[in-house]
Amino acid sequence: MDISELKSKHADHWKKAAALRILAADAVHAARSGHQGLPIGIADVATVLFEKHLKFDAANPDWADRDRFILSAGHGSMLIYGLLHLTGYQDMTMDQIRNFRQWGAITAGHPEYGHAKGVEITTGPLGQGVASAVGFAMAEQSMAARFNKKVVDHYTYVIAGDGCLMEGVSQEAIGLAGQQKLGKLIVLWDNNDITIDGRVDITDLTNQMKRFRASGWSVFECDGHDPEAIDTAITAAKKTNTPSMIACTTTIALGVDGVADTSSGHGYAIKDDQLAQMREFYDWPYPAFEIPADVQSGWAAIGARGNAEFTAWQERMGTLTEQRQAEFERVMSGTPHKRLSAVVKKLKREVSEQQPKAATRKSSQMALEVINPIMKETIGGSADLAGSNNTNTQGLGTFGPGNRKGRHVEYGVREHGMAAVMNGMVLHGGVRPYGGTFMCFTDYARPSMRLAALMQIPTIFVMTHDSIGLGEDGPTHQPVEHLAISRSTPNTWVFRPADTVETAEAWELALTSSKTPSVLSLTRQGLPTVRTKHTNKNMTAMGAYVLAESTGKRQAILLATGSEVEIALAAREKLQALGIGTRVVSMPCWELFEAQDESYRRKILPPGPVRVGIEAATRMGWDKWLSGERGKSNKCDFVGMNGFGASAPAEELYANFGITADAVAEKVKNLL
């Protein structure tokens, strides 16, 4: 569009969009760090979206039925901060804008969930916003089916850049969204043809519009600087029954001489002289961080536009029964069902009495069979491994275009996409997703698992086939380093249960968590019940506990997790027969044990006895418990993996890699 025509024909829009652009340029300049080009280039699109389409109320930022806005291109964070400030979000003050990227400010370099109201998700790792938006849209459809469209009926809008669409996770999510026919998902592509290293065509020849069409999306295009064209495209997209992509042709750093339409426009390139020239171009004679009253009031009106709809929504909520309203509030708050603890205790008692031998992946399914009927908000799924991960339970039904009440998602071979989508579901609220794949493929899901921990959200990752115990599939599928990787991630609970009782307890904890994601490390091979004496107390919540006490003087402590707990118990029998008093400590969750007070940890791991750790994984991390916590480096050892596995039956692998009761007993004798 001719810029002079834009200025004259759409003067009011021009000034509103200019406020966004100048705020972004000034804040990045003040920080001497950041990205100016995207907010300047996409400001017209964002202005039209917020003014004419986005359903929100700045005075009620947690409104459950608001439209969700996701800035997938998170490096352009000053766009969303500017929007939140101008529309009147209470916490996004001008001081926060001035302190962009500074210690203690809510205006982080990339948008961070939990820092500021209106920031729906942490973005910055490209592609994550697009992918998680699919989860937002799926959660909206699930909630609408459960509570009806009178109270749940909103869109998810995404602004994405070229980098978002290059990342592989975007295709995983785009393919899933198309298959799911998520008609309330709209992606606005900032089609500026620029990346950090140059023009897009030096690295990518993809026709993005054809790509989206091939994936089942409706596709539109518009001049990203023409407010009428933008409005027309969004209006059309809202009428489809498929997800929509709008290709918005824009110029990065529009209006800045020597910077516009260049790769330098991506980052911090607009400084003193360019800022002065930019102000002249945008007819903006005001100093940094000053918004004229007419522009401020115009944006404030946009922020208040949704208040009438919010009030109407409250009235519609009031037509639901008190029970339905309470259930809506419960699931949106993430509060577990009041009967969760009771059904888990009942299952634990039955298991302790019957003492079945079961793979913990099957134990997980047993737990879900009693949990899913009472917690209607759970949505399971698997990356094309439901029969192996045991994520489906009776009566869930498959979530899809013809059954939005279904509660099991067929993700296909899309581990990364699945993890990102689940994060989006959690962030939307009202659902508690869990998804499964093989433990080894946490490698594929890792970026989204890390973001769950960073965002402090309780996504549940069900990771089965967790060691060489999976057998013949061999080292490509046998995880050895993956427990250490997950355990090294801050704010992550890694559960490696030894039997069905510990597995049920792990599920109770994962579903009770409000700020910590959980990784359930589960076996392919059958394990005996080791918790044969029932207790109502959730012992897994302690992280580690004494499973079998020594007889006579305590000389050794064996620490084990998961499938190796039975090996520790067998080694104890051998050592006790030799008169060596041996305690067995089950450690289903290191993170929860570390969180216990020192007196409890000392009770479980007192000074004196030699210690041997047992786990079919690498030793990394184990010395915290072996030589730390009152232990000594010359009085501890480890039985586990020193390298990758091999293809053979599980029993042969354990024997050949020396993970046996005899090997453990020998380690203890040598230490003594």
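1. Let me start with a side-chain pair: R601 and E629 make a polar contact through their side chains, at 2.9 Å. Please keep in mind that this is a predicted model.

2. Where does R601 lie? It belongs to helix α24, which covers residues 598–604. R601 has a relative accessible area of 15%, and buried means under 20%, so R601 counts as buried. Leaving aside neighbours within four places in sequence, R601 is in contact with F593, E594, Q596, E629 and R630.

3. Helix α22 (residues 565–577) packs with helix α27 (residues 661–671) at an angle of about 55°, and their axes are 8 Å apart. The two helices are therefore oblique to each other, and the crossing is right-handed.

4. Which residues make the contact of α22 and α27? From α22 come I567, A570, A571, K574 and L575, while α27 supplies A661, D662, V664, A665, V668 and K669. By class, the residues of this contact are eight nonpolar, three charged and no polar.

5. Finally, have a look at helix α4, residues 77–87, which is mostly covered: 11 of its 11 residues are buried. Among them are M78, Y81 and H85. The buried residues of α4 pack against the helices α2 (11–31), α3 (37–53), α5 (94–98) and α12 (293–304), and also against the strands β1 (68–71) and β2 (156–160). After α4 comes G88, with a positive phi near 100°.

Notes: Residues numbered from 1 in each chain as written. Predicted model: local features only at pLDDT ≥ 70, side-chain atom pairs only at ≥ 80, totals over all residues. Heavy atoms only, no water. Axes fitted to C-alpha atoms, helices over the stretch in contact; angles between N-to-C directions. Helix = DSSP H or I, 4+ residues; strand = E, 2+ residues; numbered from the N terminus. Parallel < 35°, antiparallel > 145°, perpendicular 65-115°, else oblique. Left-handed = near helix turned anticlockwise from the far one by under 90°. Contact = heavy atoms within 4.5 Å. Nonpolar A, V, L, I, M, F, W, Y, C, P; charged D, E, K, R; others polar. Buried < 20%, exposed > 50% of the residue type's maximum accessible area, 1.4 Å probe, protein only. Polar contact = N/O pair within 3.5 Å; in protein donor to acceptor, adjacent residues only side chain to side chain.
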